[in-house]
Amino acid sequence: MDFGTTAAPAHAKEFQAVILAGSGSKLFPLVDEVCPKALLPMANKPMLFYQLEWLESAMIIDVLIVCQEDAHKKINSYIHNVLNVSERYPNTKVEVVKVKGSGSVSADALRHVANRIKTDFIVMSCDTITNYPANKLLDVFRIQSPTFTALFHEPLKAEGDAGAASKKDKDDDLIEYVGIDHSTCRLLFCVAGDEVDDELPVRMSILDKYPVVNIHTKLRDAHLYVFKHWVIDFIAKSKIQSIKEELIPLLTHFQYSERVLKREGVEKFLTSSANFDQFYTARQLSSTGGGFVDASRSASMDAHYAKLRGSGGQRGRGGESGPHHHHPSVGDGSAASSAILLEGEAGDEASDFHRQIMCTAVVARDGSYCFRVNSVPNYLEGNRALIKTFGPEELVPRSVERQKGCQVGDSIIGDSTRIGEKTGIKKSVIGNHCVIGKNVKIINSVLLDHCVIEDKVVLEGTVVCGHGKVSELSNLKDCQIAASVTVEREVQGKNETFMD
């Protein structure tokens with residue numbers, strides 16, 4: 001079979017994508033009925049922009065955005081009138097689907113659009129922002145043909161592992177115990193910290209099959225998954241409510257518990273969806289296939305096959321006394337998933353159905369950024385991370401009016417913003433059409449569009465929502481100011497929320 005080197009045509013539909021646009025209650029008061037979570041600006045672009053660009057980079061041409069009823073009109077208007085997807089992504093179909101109540105998140109949302117999903121599919125949250133190469137993640141899925149592939153990442157400072165994080169950000173409920181067998185890239189379990197007391201229980205059935213398991217506490221689930229098509233059929237017939245808390249643990253459990261797999265009746269979904277992947281089966285039976293693929297360095301399937309041709313096809317069996325094992329160095333205990341075993345474990349007597357359940361994990365590293373904007377601290381830290389991706393000429397556009405003595409460093413300034421004399425702005429994002437007075441200091445803060453900051457104001461770690469105003473001589477640290485709210489003059493605030 002000749003896979004060739006020609007890229008797939010733009011009209012080919014290998015994957016569909018579902019973007020889950022939830023309510024964003026943890027981002028209050030930054031999101032409200034006027035600004036839904038999916039449209040909350042990050043570095044002066046709506047969050048949703050970043051997911052669509054990421055999907056476009058992988059030529060995903062069928063995208064469903066699932067949101068609540070009250071956000072549907074605004075998101076739909078942005079997609080078709082502001083972003084103008086028909087011109088920006090001419091080969092892509094983007095549809096905004098509204099659901100009632102809390103059904104705009106997780107498994108409920110997938111159940112609502114299950115009849116529209118006809119292929120293997122990508123699920124991502126609208127608050128996941130990454131530049132990890134989409135095709136790098138998809139190639140892991142293509143080559144190994146798992147039940148799902150999940151993207152993991154290391155936390156930003158505000159997410160709980162750096163010295164600058166607050167005590168609240170270090171709570172156990174932000175810790176995840178992630179078990180990965182790095183010799184096979186298998187994701188074995190992912191347990192939230194609040195589910196663990198003094199000890200982390202590990203089933204003997206896992207240790208029997210995987211004697212060496214790396215348990216990480218510095219990795220976070222990016223809420224970005226690639227699933228086999230049969231999983232949507234399974235969700236549609238199940239009572240699962242949460243992808244992260246119910247579906248992912250159950251699928252990982254299927255890997256090492258055939259009894260649970262049979263109890264859940266998964267065989268019928270595997271059979272009805274013809275999930276016996278022909279490419280994967282051929283690789284198992286091939287006399288030149290098998291072996292390992294370094295997912296952290298293989299940029300595409302073409303590169304993988306070029307390596308196999310050049311090496312004569314490394315085999316996991318044959319010419320050796322046993323199966324080929326490769327254990328990448330673990331380093332600090334958070335090593336990236338790198339080696340992928342394409343063959344089954346030696347001596348594995350599981351049924352053919354059981355062999356089809358495989359869960360894999362990829363870690364966003366190698367200079368990539370990946371984070372979730374699911375809290376106010378993460379919102380601030382995420383904006384600062386995006387600042388680093390801008391070129392010097394992009395940070396301050398020509399339309400910005402800067403008075404004498406104004407200093408701007410490591411910051412993004414929006415169009416048509418005016419900055420007064422002797423004002424200093426550092427590591428901040430300033431929206432469009434803002435007015436900033438004289439002798440103002442803004443550090444590690446975010447101002448959305450049309451904000452007014454009067455003279456001699458100091459802002460640090462503060463978010464000012466659209467049309468917000470801070471009157472002169474005020475000093476605010478780690479505060480949030482809701483949209484269209486005015487903070488009176490000479491206010492001294494710390495860890496406060498200002499609302500009407």
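Visitor: Which residues does Lys37 touch, not counting residues up to four places away in sequence?

Guide: In this predicted model, Lys37 touches Gly22, Ser23, Gly24, Leu27, Val31, Met47, Ser125, Cys126, Asp127 and Val373. Lys37 itself is found in the loop between strand E1 (15-21) and strand E2 (41-42).

Visitor: Does Lys37 count as buried or exposed?

Guide: Buried means under 20% relative accessible area. Lys37 has 9% relative accessibility and therefore counts as buried.

Visitor: What is the peptide bond from Phe28 to Pro29?

Guide: That bond is cis, with omega near 5°. Pro29 belongs to the loop between E1 and E2.

Visitor: How many residues of helix H5 are buried?

Guide: An α-helix has 3.6 residues a turn, so residues three or four places apart point the same way. In helix H5 (residues 134-144), 10 of the 11 residues are buried, so the helix is largely enclosed by the rest of the structure. Among the buried residues are Lys136, Asp139 and Arg142. Just after H5, Ser145 takes a positive phi of about 55°.

Visitor: Where is Asn44 found, and what is its phi?

Guide: Asn44 is in the loop between E2 and strand E3 (45-46). Its phi is near 70°, a positive value in a residue other than glycine. With a relative accessible area of 24%, Asn44 is partly exposed.

Visitor: Which residues form a negative surface patch?

Guide: Asp194, Glu195, Glu245 and Glu246 form such a patch. Asp194 lies in the loop between strand E10 (186-192) and helix H6 (204-209). Exposed means over 50% relative accessible area; Asp194, at 53%, is therefore exposed.

Notes: Residues numbered from 1 in each chain as written. Predicted model: local features only at pLDDT ≥ 70, side-chain atom pairs only at ≥ 80, totals over all residues. Heavy atoms only, no water. Patch = residues over 30% accessible without salt bridge, like charges linked within 9 Å, V, L, I, M, F, W, Y side chains within 5 Å. Areas by Shrake-Rupley, 256 points an atom, 1.4 Å probe, with all protein chains shown as cover. Salt bridge = Lys/Arg side-chain N within 4 Å of Asp/Glu carboxyl O. Lys, Arg positive; Asp, Glu negative; His and termini not counted. Charge placed at Lys NZ, Arg CZ, Asp CG, Glu CD. Helix = DSSP H or I, 4+ residues; strand = E, 2+ residues; numbered from the N terminus. Buried < 20%, exposed > 50% of the residue type's maximum accessible area, 1.4 Å probe, protein only. Contact = heavy atoms within 4.5 Å.
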